[in-house]
Structures are given as C-alpha cells and as structure tokens.
Amino acid sequence: MELTEFEALAEPFCREAAARQARYGFNLIEGLTVTADEIAAVERAMAVTLPDRYKAFLTRFGAGMFGFVELFPIVPVPGRYDDLRTVNDREFPDRSFVVVAPVGTGDHWGFPVVAGRCQEQVWFHYHDVDDDEPVAADFLEFLAEQGLKSCSDRALERRD
C-alpha cells in the first residue's frame with residue numbers, strides 16, 4: 001500500500017479522532033512524529049534499516065497511539081513509553097526481529113530482519129512459542145487493518 005492510499009483511508013479516522021479529542025479530551029492519534037535525521041540516528045544505533053513505509057508513516061503521523069495500535073516511538077518519551085531502541089535492545093538484541101508495537105500479551109508486531117534490513121512484511125511474534133506468522137504485506141496495510149479497524153468496520157456497515 002502506498003502512503004497516499006493509506007492517507008485516503010485514514011482521513012475519516014483522523015477527522016473522527018480530532019472531533020473526539022475536542023469533545024472528550026481522548027486522543028486516538030498521539031502524533032509523536034520524528035524527522036528523517038532522528039530515524040537515521042536510530043537505524044545507525046540499532047544497525048538495521050527500517051522499511052520505507054514505516055519511516056514515512058512516522059514522519060507523517062508519528063508514534064504513540066494510532067487508533068487501536070500503540071507504536072513504540074523512535075525518540076524516548078520519558079515516563080510514557082519505551083522507545084523503539086530500548087524495547088529491541090531488551091527483546092531482540094541479536095536484531096533478528098524489530099518489534100514496533102506491543103500486542104498487550106507479551107507478544108509483538110514487527111519486522112523480520114535479514115542481513116541488517118527489516119523486511120516490508122509485518123509479522124506477529126509470539127513471546128512463548130517459535131511460531132511467528134505474517135499479518136500484512138507492509139506496515140501501512142497492517143495499520144489500515146489493525147489501527148483503523150473500527151473506522152473501516154463502520155464504513156463497511158454503512159455500505160450494507
């Protein structure tokens with residue numbers, strides 16, 4: 001999925017998120033954006049190359065909560081989140097996998113790594129078994145399905 005296609009899918013959700021923020025003070029999108037230089041610094045420190053669509057998303061929309069997915073921020077947010085590097089240093093110091101989002105059960109979503117390069121596919125990594133599985137062809141497809149789930153479900157219901 002291309003970023004422009006994702007932005008078109010996300011537009012109704014972003015409008016809904018802004019309305020909820022104004023009405024209830026509840027944030028559906030945290031928007032912890034980063035610069036290309038900040039991403040490059042983390043890539044160097046972790047000795048991996050992150051997928052282009054993931055990096056484009058982080059510069060446009062940011063980390064933190066995005067709908068129904070919590071994304072680890074690139075830059076540490078003291079007292080709020082573990083950042084990408086800290087989590088991966090703890091969970092995958094060998095850099096065979098780069099986790100980008102917790103599932104809440106000790107499992108994670110992330111990218112398999114081959115020769116220092118993260119693959120485009122997003123995989124579900126089980127913490128207690130060695131039976132990981134692919135969930136999306138790329139990061140934007142993953143977020144369209146998981147993060148925008150309620151928005152796309154309602155849009156489908158309206159069409160019926």
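Colleague: Why does Arg95 count as buried?

Modeller: Arg95 counts as buried because its relative accessibility is 12%, and buried means under 20%, exposed over 50%, partly exposed in between (1.4 Å probe, protein chains only). By the way, this is a predicted model, with local features needing pLDDT of at least 70, side-chain atom pairs counting only at pLDDT 80 or more, and totals for chains, interfaces and linings using all residues. Residues are numbered from 1 along each chain as its sequence is written, and side-chain values use heavy atoms, leaving out hydrogens and water.

Colleague: And what makes Ala47 exposed or buried?

Modeller: Ala47 has 57% relative accessibility, so it counts as exposed.

Colleague: Where are Ala47 and Arg95 found?

Modeller: Ala47 is in the loop between α2 (36-46) and α3 (52-60), Arg95 in the loop between α4 (84-91) and β3 (97-102). Helices (H or I, at least four residues) and strands (E, at least two) are DSSP runs, numbered from the N terminus. Ala47 has a positive phi of about 60 degrees without being a glycine, and Arg95 has a positive phi of about 60 degrees, again without being a glycine. Most residues other than glycine have a negative phi.

Colleague: How do the axes of α3 and α5 cross?

Modeller: The axes of α3 and α5 (residues 139-146) come within 8 Å and cross at roughly 55 degrees. That makes α3 oblique to α5, because under 35 degrees is roughly parallel, over 145 roughly antiparallel, 65 to 115 roughly perpendicular and the rest oblique. Axes are lines fitted to C-alpha atoms, for helices over the stretch in contact, with angles from 0 to 180 degrees between N-to-C directions.

Colleague: Which residues meet there?

Modeller: Arg53, Tyr54 and Phe57 in α3 meet Phe139, Leu140 and Leu143 in α5, contact being heavy atoms within 4.5 Å.
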